[in-house]
Amino acid sequence: MTQFTSEGTLYLAGSSKALPVRAEFNGAELRVFDEQQNCVGSFVHEEINAKSKLGSLPRELLLPTRELLQISSSDAVNQWLDAHSKAKTHALESSKSTILFSIFLVPISLVGIFKYLLPYLAIQFAAIVPDGVKSVASQQTLTTLDYTALEPSDLSLETQTQIDAYFAQTVLAINGSLAQFNLHFRQSDMMGANAFALPDGTIVITDELVQLLEEDEDLLKAIFLHELGHVAHDHSMRLIAETLVTSLAIDYLIGDLGAMVELVAGFSSTVIQNQYSQELEWEADNFAIDMMIANGKDPIHFANAMEKFKAHYMGDAEEPDAVSFMSSHPITQQRIDNARAQSEQLKSHH
Amino acid sequence: MDHLPKYENYSYEELLSARQAIDAEAHPERTRALDELLASHAQKNQPKDAISDKIIRTGKGRFLGNGKEYFSIWIVNLLLTIVTFGIYSAWAKVRNNRYIYGNTEIDGHRFHYLADPVQILIGRIIAIVFFALYFLASNFSPMAFGIMTVALLLLSPYFALMSLRFNMKMTGYRNIRFRFDGTYGGAFVYFMLYPFLTIFTLYLALPLAMKKMDQYIIDHTRYGDPEFISNTKTGEYYIAGFVASILASIVFILSMAALGINFADVNDVQQQAEGGLITIALPFIYLAVYLLSSSYYQAHIRNHIFNHSEIEQVASFKSSVAFIDLFIIKFTNILAIIVTLGLAIPWAKVRMTRYLAEATEVSVTAQADSIIASSDNEGNAIGDEVASAFDVDVALG
């Protein structure tokens with residue numbers, strides 16, 4: 001018969017009254033004595049609801065009288081309380097091997113989840129979004145942008161017709177159909193020289209970009225291919241899905257820990273999303289380059305288009321490498337180098 | 001006829017125990033007898049003001065846990081959360097909070113965290129669904145997004161209310177739960193209306209709105225039956241806000257000058273950042289400036305609130321947080337977290353909790369040892385989880 005005692009405090013039911021007590025364990029019975037040695041309670045093992053062991057916190061026993069008995073944790077006490085308990089968490093939390101295992105596995109699994117699992121799930125999600133939804137989303141987005149950032153184009157009808165022809169040729173070159181892709185012209189002070197693609201195949205190009213590229217056929221076609229690449233690979237849907245799960249994942253993994261950590265969480269969320277976005281930009285770049293090569297065009301045109309971008313936005317300043325994690329696009333010089341390298345490779349094979 | 005036990009011979013504590021345990025419907029006679037005896041005891045035990053107001057104990061808070069122990073709990077629970085794709089996160093939250101609350105002690109007694117993981121899990125699932133729908137609406141249908149935003153605005157006082165109610169109810173001290181008994185009406189006025197109206201005063205009324213909000217929260221918080229009462233002054237909020245802003249501006253300007261950045265060309269600030277060094281230093285400067293001003297505000301207001309809040313005739317409080325200490329702890333915590341890729345989070349939390357506990361003092365009267373709590377209904381975890389997903393954080397000090 002096990003027999004041992006433990007010091008503790010008895011908190012009475014429905015009141016803040018607290019008595020210093022001594023708990024005597026005898027076999028399956030527990031008797032509680034106050035400082036005057038009066039027995040203030042007698043219980044058996046089954047009727048006690050003990051909260052699970054946690055670190056070195058004192059054990060909390062919820063008694064059937066709705067009193068709370070708090071006693072120091074000791075091996076004897078713990079064994080008595082947990083003999084038939086199924087709770088294994090404390091064992092895991094105090095096992096050195098589990099802790100070491102966790103220290104390694106947590107960062108690795110987080111990287112695996114964010115780098116591979118979430119993008120994979122996002123691609124699956126993007127594939128099942130119905131065309132009707134994409135269409136509605138695109139139309140509403142364009143309408144909203146027309147109210148906010150975009151003005152009607154100032155390009156002459158001639159210019160627009162000519163560029164439309166370039167666009168049509170590009171679409172046919174990638175075996176697309178003109179039913180699914182269409183080009184819109186806009187002017188935008190807010191966006192400057194820019195082009196973007198909407199999920200339903202709508203491509204928008206700003207007057208400023210047309211002028212930057214000097215209406216050059218090859219340069220424009222290179223840009224069109226990049227944008228078509230975004231549509232062909234369902235990038236909009238994919239980025240939406242990635243952003244959604246990333247926000248949720250980060251919020252739930254470390255969101256409990258107070259405002260200070262949430263600052264860091266918000267920052268890492270942005271960094272992660274920028275990684276996803278840059279990945280998509282590389283895919284679109286390489287789609288464009290592959291298509292150009294397949295159609296007998298020189299990828300150097302893509303490099304040239306990027307050169308003009310760079311000159312326009314940055315002048316002679318160098319883009320610091322460190323900035324790349326704060327930006328949604330890869331470093332422009334790297335994109336230029338990539339296209340150039342593939343152009344060199346193509347030439348050396350001839 | 002019910003045979004009555006000899007309740008007249010019971011001590012006050014025994015009467016309380018019996019009253020709590022009894023089934024009022026099955027034994028109405030006994031219940032009535034107990035209530036009458038309890039009432040007469042209560043009257044006898046309320047000696048007049050001079051004696052009952054006397055402070056019999058004063059004590060500072062302590063934190064009895066340590067970073068190493070908390071780390072092992074935290075990291076293992078984090079692993080379990082990851083391998084269960086987040087489902088275990090509710091259990092992890094309960095264990096983490098039990099450790100932090102349970103190791104926070106004041107006046108010789110520890111706090112308790114009483115939430116049930118299943119409640120939290122259900123709340124989280126609902127929160128995820130709301131959040132996902134809202135996010136998808138923002139990307140697919142600006143109209144649905146607009147409607148949901150308006151709905152969210154109207155609902156946010158409700159979420160804040162539910163969150164406060166839940167968190168208070170899940171906090172226990174000496175076997176009594178805290179309670180929050182605010183209503184949607186009050187929440188709407190103080191969490192929504194007042195802050196909204198500050199826009200019309202160019203935010204000059206913001207400290208007033210903050211004061212009203214904090215006051216509403218304190219005045220509707222109870223410990224068992226007794227209520228908290230606040231005697232805060234709006235002036236202190238203005239001072240705190242003003243000094244925090246001045247502090248932020250001075251430090252910001254000084255650091256920009258130190259880096260040699262000219263503000264004449266505001267648009268070119270980015271371009272003036274030559275090389276990667278300044279671009280990396282810039283976020284840290286923004287962080288330091290933000291932390292400095294928010295630490296000042298937080299320290300000043302927390303001290304003011306604690307120093308001017310009490311539970312009448314039961315307990316009064318003091319807080320002596322130094323804003324520089326607070327700033328240093330927060331700043332070094334964040335640096336440590338970044339450098340260790342998050343592994344320092346448990347130490348950071350322990351350090352902050354310990355600092356705040358040790359800066360807090362309570363003075364109690366004899367009545368603190370005999371507070372009564374009538375039973376109360378379950379709080380609702382959904383509000384808490386939805387609130388945190390949308391960042392409706394009604395934090396006090």
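**Salt bridges and the A–B contact**

Trainee: Quick one: what does Glu242(A) count as, buried or exposed?

Mentor: Glu242(A) counts as buried, at 0% relative accessibility. Buried means under 20% relative accessible area, exposed means over 50%, and partly exposed is in between (1.4 Å probe, protein chains only). Keep in mind that this is a predicted model, where local features need pLDDT of at least 70 and side-chain atom pairs count only at pLDDT 80 or more, while totals for chains, interfaces and linings use all residues. Residues are numbered from 1 along each chain as its sequence is written, chains are lettered from A and ligands numbered from 1 in the order in which they are written, and side-chain values use heavy atoms, leaving out hydrogens and water.

Trainee: Which side chain does Glu242(A) meet in a salt bridge?

Mentor: That of Arg238(A), at 3.2 Å, N to O. A salt bridge here is a side-chain nitrogen of Lys or Arg within 4 Å of a carboxyl oxygen of Asp or Glu.

Trainee: Switching to chain B: what does Arg62(B) form a salt bridge with?

Mentor: With Glu105(B), the closest N and O atoms being 3.0 Å apart. Arg62(B) sits in strand β2 and Glu105(B) in strand β3, so the pair links parts 43 residues apart in sequence. Arg62(B) is partly exposed at 44%, whereas Glu105(B) is buried at 11%. There's also a salt-bridge network joining Arg57(B), Asp107(B), Arg174(B) and Asp369(B).

Trainee: How much area do chain B and chain A bury between them?

Mentor: About 5900 Å², with 68% of it on carbon and sulfur atoms. Buried area is the accessible area (1.4 Å probe) that two parts lose on being put together, summed over both. On the chain B side, Arg95(B), Arg98(B) and Phe140(B) lose the most area to chain A, together 12% of what that side buries.

Trainee: How many salt bridges between chain B and chain A?

Mentor: The count is one. Arg95(B) and Glu93(A) meet in a salt bridge at 2.6 Å, N to O.

Definitions and conventions
Helix = DSSP H or I, 4+ residues; strand = E, 2+ residues; numbered from the N terminus.
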